[in-house]
Protein chains: 2
Amino acid sequence: MRTEPVNGDTPALPRASAQPRYRAIYEALRQKIVSGEWPAGHRLPSEPELARTFGCARMTIGKALGALADQRLVTRRRRAGTTVSRPRPQESVLEIHDIEAELLAAGVRYAYRSLTRRVRRANAADAAALGVPPGTPVLALVGLHLADARPHALEERLINLEAVPEARTERFIGISPGRWLLQRIPWTEAEHQIGALSADATMARRLAIRRNTACLTIERNTWREEQRITHVRVIYPYDQHRLVARFRYRPL
Amino acid sequence: MRTEPVNGDTPALPRASAQPRYRAIYEALRQKIVSGEWPAGHRLPSEPELARTFGCARMTIGKALGALADQRLVTRRRRAGTTVSRPRPQESVLEIHDIEAELLAAGVRYAYRSLTRRVRRANAADAAALGVPPGTPVLALVGLHLADARPHALEERLINLEAVPEARTERFIGISPGRWLLQRIPWTEAEHQIGALSADATMARRLAIRRNTACLTIERNTWREEQRITHVRVIYPYDQHRLVARFRYRPL
DNA sequence: AATTATAATATGCCTAGACATATCGGGGAA
DNA sequence: TTCCCCGATATGTCTAGGCATATTATAATT
């Protein structure tokens, strides 16, 4: 297929084409699949065969097929070969962003206002939410994310002071606790729960909305290896905010 | 570092260890980062250096470093080298599953009940939701996802009949429209919006909940290449359902 | 001092060949 | 027939070496 030998015995791709070879192959194979020419269950040619067809080394084919497998477009099994997957399950991923970054990206003036701040030993509720033994020292924060000086989201946060002792004296002036934590602690695991609730009187007052307005809630737990770092619940008035995510086929 | 030569001149890893070498290297480097031994901004040794240290080929190191880069733990730039990234942004991904698969996984009896079904030419609202010109033939469906014979979620769906003409005569008995579509059409792109709303009278009746209950909504648009396939809005009573997602560091 | 060429360096991509491993099929033994 | 072993096959991983390209540091020039 390819017809441009170069110097040496292994032509190292003097391509005028801007994209690497494995990607061109990835695109070509992907096209066969999404066009329907290769339906679900169709078996692709073997790596050595494709290598002959495309005139490249087997490893290059392997890289392209590996990418297709990463995208779940094909399934690969030794001896059985590579087959087109069933249409992908109705399952996708939603990115959950840092509120501050999100607002800044939208060109809005962002601020965080701390409402309450308490250092205490974890009570039963704290212990359950944060997943630490009762009595563990925690920092409990409530604050407001402001967009152009208007309430945008309400945040209720617990920080495990055993994991982050520096937080005990931090005042969170001009920086949100989320940002502050991220500049210090890399998390290795996170759990999210998304739900809905009707605003109670306190939430309504703080967010400047009517009582019983339907709100979106996001709870997030983060770990660093085995240690719990923080638990946070963010409450968004539904009419001001929607989580949006778009998933196009990633061109690698 | 490695001390077991094999036959030939290129020992092809007769490892007793179950994991491939590039993964062991990935783990070793990752440990340095998440432990804090290599803080953000730290520059890693170059590929040739690491290859000497670990006693393997440069390509194997490249695979391990590439994996770290995929996980956003490091940043790689030519000539500049590989550096430890800033702690990852507060951003994550949430998996949105097929309702049916989700319920089955939870060991619950699942059923779909069709409530209304209309074939029509797209009115203004249809056209806006589905993103097709007004007048395009569409199939409008409303149905209920049942868990153990109790209402679990309400689904409002539009299907573009130009993209999926077979849907015109399909009755969706015993199979949900989502499932049915997925068995036919692979989608290549999807957009999700998550929001909250208060149940109106109709929703409340269909879902057997009280009016004004806060509900979670998920809207999803899917494309196949450039063509719109379907638009769906699913409404979950908040007290019956939460979206949960957990993200641990993926061991490759 | 500011700008521009140049060399060095680290990653990115590729090749050809090799051994490793899972698994599918078929043939032979119980 | 049923079970087990064994060869064939396709992918998984690895090596050693090479050219390509972006970027940075340095030297030369204006």
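This is a predicted model: local features need pLDDT of at least 70, side-chain atom pairs count only at pLDDT 80 or more; totals for chains, interfaces and linings use all residues.
**Entry 1: ground rules**

I noted that local features need pLDDT of at least 70 and side-chain atom pairs pLDDT 80 or more, while totals for chains, interfaces and linings use all residues. Residues are numbered from 1 along each chain as its sequence is written, chains are lettered from A and ligands numbered from 1 in the order in which they are written, and side-chain values use heavy atoms, with hydrogens and water left out.

**Entry 2: around DNA strand D**

I looked up which residues come nearest to DNA strand D.

Next I sorted the surface near DNA strand D by class and found eleven nonpolar, five polar and 13 charged residues. Here Ala, Val, Leu, Ile, Met, Phe, Trp, Tyr, Cys and Pro are nonpolar, Asp, Glu, Lys and Arg are charged, and the others, Gly among them, are polar.

**Entry 3: phosphate oxygens**

For Thr60(B), a side-chain N or O atom is 2.3 Å from one. For Arg76(A), a side-chain N or O atom is 2.6 Å from one. Glu47(A) uses a backbone N or O atom instead, at 2.7 Å.

I also asked myself which element gives the most residues to the surface near DNA strand D. Helix 3 of chain B does, with four residues. Helices (H or I, at least four residues) and strands (E, at least two) are DSSP runs, numbered from the N terminus.

**Entry 4: two helices of chain B**

I looked at how helix 2 (residues 47-54) and helix 3 of chain B pack: the angle is about 110 degrees, and the axes are 8 Å apart. Axes are lines fitted to C-alpha atoms, for helices over the stretch in contact, and angles run from 0 to 180 degrees between N-to-C directions. The two helices of chain B are therefore roughly perpendicular (65 to 115 degrees).

The contact (heavy atoms within 4.5 Å) includes Leu50(B) and Phe54(B) of helix 2 and Ile61(B) and Leu65(B) of helix 3. Its residues divide into six nonpolar, one polar and two charged.

**Entry 5: a positive phi**

I found that Ala208(A) has a positive phi, near 60 degrees, though it is a residue other than glycine. Ala208(A) sits in the loop between helix 7 (201-207) and strand 8 (214-224) of chain A. Its relative accessibility is 59%, so Ala208(A) counts as exposed (over 50%, 1.4 Å probe, protein chains only).

Technical notes:
A residue is near a molecule or strand if one of its heavy atoms lies within 4 Å of it. A polar contact is a pair of N or O atoms within 3.5 Å; within protein, one must be able to donate a hydrogen and the other to accept it, and residues adjacent in sequence count only if both atoms are side-chain atoms. Buried means under 20% relative accessible area, exposed over 50%, partly exposed in between (1.4 Å probe, protein chains only). Angles under 35 degrees count as roughly parallel, over 145 as roughly antiparallel, 65 to 115 as roughly perpendicular and the rest as oblique.
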